[in-house]
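Please prepare a short briefing on how the chains of this assembly meet one another.

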Amino acid sequence: MIHITINGKVVECKDGEMLLSVIRRERIDVPTLCHHEAVEPSGACRLCTVEVTKPEWDGWCDYVTSCLYPAKDGLIVNTHAPKVNELRKSILDMYLARHPKSLKIKQLAADYGVLATSLETVVDGNNCILCTICTRICDHMGFSAISTVGRGHGKEVAPPLDMAPADCVGCLACAKNCPTDYIEYETGNGRLKIWNKEFEMVACTVCGKTTVTKEFAEHLSQQRDIPFEYFEKCDECHRKELSATMGKIANWEREVRS
Amino acid sequence: MNFRFIVKPELCIGCRSCELACSFTHAIENVRSLTRISPIDGGFKDLWVPVTCLQCDDAACIKSCLVDALKRNPVTGAVELNQEVCVNCMACVAACPFGCAILDTQHDMVVKCDLCGGDPACAHFCPTKALEWKPIEVKKKQAV
Amino acid sequence: MQIDSPKKLKDIQKSFTEKSSKYPKKILICCGTGCLANGAMKLVDTFRDTIKTKKIKNMSVEMVKETGCHGFCEQGPLVIIEPDGTFYTKVKAKDIDDIIEKSLKKDEIIEKLLFENPVDGNKIEKYKNISFFKHQERIALRNLGKISAYDLDEYISVEGYKALAKVLTKMKPDEVIDEITKSGLRGRGGGGFPAGRKWKSCKAIESDVRYVICNGDEGDPGAFMDRSIMEGDPHAVLEGMMIAAYAVGASQGFIYVREEYPLAVTHLEKAISDCEKVGLLGDKILGTDFSFSVKIARGAGAFVCGESSALMKSVAGEVGEPRAKYVRSVEKGLYDKPTVLNNVETYVNVPVIINKGADWYAKIGTKKSTGTKVFSLVGKVRNTGLIEVPMGITLREIIYDIGGGILDNRPFKAVQTGGPSGGCLPEAMLDLPVDFDSLTEVGSMMGSGGMIVMDDKTCIVDVAKYFLSFLVEESCGKCVPCREGLWQLHKMLEKICAGKGTMEDLDKMEKLSENIIRGSLCGLGTSGPNPLLSTLKYFKDEYIAHIKDKTCPAGVCPELITYEILDNCTGCMACISACSFDAISGKKKEIHTIDQDKCTKCGACVTVCNYDSILVS
């Protein structure tokens, strides 16, 4: 264990632990848009930037993204230094110019006092903030069905060649973890459509309720050695089944005792 | 000392105190969470079965999780879901053969029983001791 | 024959020298990409065919050498007749008979093929007397234009692989690192990080596997230093890498070359396979315990892949995006193993340092920036091309002595150094010594060695806009300040160029730049605002002219200028036929007029007018 100072308070943490996790543990509010605990940090949104220094640095300060900066003994961290706040404001200003319709961005920007962008608004700006949480999760889950395409200002998230991605199983992790709810999907009638690919859902053999797609269930069943029949009933019917089984035993016990 | 969560359906009166205890204990920012335990009609007269996670040894939920959000707590024995890591893919909800990983639609997150980190609130509030958190004695092997 | 001992190297050197001394003269034909494009290959074939078919006495096809790039591409194709060093420029296939008859059979000079000094119009006969070459000191480019680019034996004949033999048999890895450290060699890719220190920290990391990578992803527009070296002297690159690998304890190397450099790939592949055949690459090199192999990794030509962490991701087959570098690549680089990444030019300096000694090398250049640096000198100078000069030389010497001054005797305005993320320096900075630290101090940088000279006809706001547009295009788009911030800066510059800027825009740009520099993930973003900031610092008046007076003093920005035909128009109609938009009308021998509605301000008329009758204001 080592000691670092965050906003004047001495804190104990592991050597090499990323600063952001220490900051979060201390319940200090540092905004992030591209951070997700399931995947490796990326450093794309730059909002978690903090000011770091050490006594031996002679007053020199560095500005680092806390999600990627390993804690070292004696480090002095300021999560809301004036220059850090100014940087966050500026980044949110840029975000606001690019994604004028995103509620999430508007809200976060307002938190930092940016009510309107000072820059040129991108007219056709969509709500994808390129945090790449979706692509990183998709990679991490072993599908790599979507990725970033292109570079610079024209970069976007898309399946290969903009066609229905062969590797997508329709788990919806991309859509559900999108901070700006940009990724669209449709469900209904036992079907699911995402990234222009249609899926059939596994329907509960008892009540017909659907939870996951057939492809996802098959993937999990094969890759993770889970009997496919587990997927063929919904959670509620599974619970009823369990209560019936336990009920029989309990009833027997009750009769024996009485 | 080892503790075990013991369910005795024959004692359950279906009062649903456990549900309230669970909901309040797992509340997020003062909004009640979906209960992880529910007394369900066991199919016999006046018989309720409090259904909750069995913390299976070879747990399908752990196997189904592609992002390692589900891990067993070595102290309590509970399979815990790390909400920060969870990506809401519903794999565990679909895979659990007992239906005990459930979607809390209000908070839009998957939840499951974590034994309250080693002191289940439901057991405290159960008026009939249908639910108990009891130390179990490890029987010593007797010398022959 | 296997080259399995240092002695074999000497044997080859001896036999090669004997073989080539059979013929008194050599014909060196530059086969760099520039000269090839101008038809150098045809010259080579014609020379060989002529010598073969005519069966000229004392001549053989072996005399004809395809060499690497001289750097004087605008004069190509270049032919040099050795041993006299007669330098022929812009040679055509029809000149070959003449060259054979006069310059090879006899010692005559062909006047019309000689280089004409653009400054005074004098013809210069010898290679070494041309001012473009005279002021250079060639270490990295030592073999370019002198030896065949893909003959291993010839490379060995000019003491090639001698340094490798020396380190493998006489030096310990630590001694090699010490020698490089002592020489003061700094990374030539732009950062200027001391090579010896990099190697030392890589070696210090506990690991079973280490890698050395050569960065040949030269992305700056107009820069072709590394390209020429890889094309013209591939063995020197390999030798430098091998020495680095031996020093840090690596057994696998990668050369990262962009897809746009097919010739470099071909020559490197040939060099690698030649070395593998004779055992200079592979197991137990030169009979020692050192084993090393090299693979070529080809990049698709993204500018950001020149950045070390993006490059390593690209080598590993992932998307070339930089990662945060709080963990250095010497610790966790390629495949998370300790990795030494150096630039092509850095590696080719290494064998020379080993052969001639660190002290010799450290004496060249300045105290903190030792050695020489290759620059690609382009723009409005008389002599453009590739040059290698000692560090500490002034910009003035480069531009006026080597470059021969500004084209058409126009006034000098600015010089842009360091590639797209470098800065523009004004006339007041011309006596600045060119080294890593001095350039950084004044808001530009050394970069990988691009140098663009501009005259008064260049609009500085337009230049800043151009570089920003390049960076916007090449930003990988991963982090917000670079992706969005540079785009915004470019938008503001577009506004200013269109005469719609305000003075607040200038402050806004400066503030935004500050945050882009502080907030960006990699070097592309942190140096991205440089072209803007340096021009704003030294040429603020020009920005103000665009904003307040709505004029472009250099007459470049189309929306701020008009073309007018003056009274001295002779009515020659040249401009009428040059205009693609039918904007100019008039009769022969009458003053023409420009229809302002149709004029697109392309400047075609100005180019063809012989009477300076078109006024741009």
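A polar contact is a pair of N or O atoms within 3.5 Å, where within protein one must be able to donate a hydrogen and the other to accept it, and residues adjacent in sequence count only if both atoms are side-chain atoms. By that rule, eleven residue pairs (both at pLDDT 80 or more) are in polar contact between chain A and chain B. This is a predicted model, in which local features need pLDDT of at least 70 and side-chain atom pairs count only at pLDDT 80 or more, while totals for chains, interfaces and linings use all residues. Residues are numbered from 1 along each chain as its sequence is written, chains are lettered from A and ligands numbered from 1 in the order in which they are written, and side-chain values use heavy atoms, with hydrogens and water left out.

**Chain A with chain B**
- In contact (heavy atoms within 4.5 Å) are 36 residues of chain A and 38 residues of chain B.
- The buried area (accessible area, 1.4 Å probe, that two parts lose on being put together, summed over both) is about 3,200 Å², with carbon and sulfur atoms giving 67%.
- One salt bridge (a side-chain nitrogen of Lys or Arg within 4 Å of a carboxyl oxygen of Asp or Glu) is found here, and Arg257(A) pairs with Glu10(B) in a salt bridge at 3.3 Å, N to O.

**Chain C with chain A**
- Chain C brings 31 residues to the contact and chain A 32 residues, and about 2,700 Å² is buried between them, 56% of it from carbon and sulfur atoms.
- Three salt bridges are counted between chain C and chain A; Glu321(C) forms a salt bridge with Lys155(A), their closest N and O atoms lying 2.3 Å apart.
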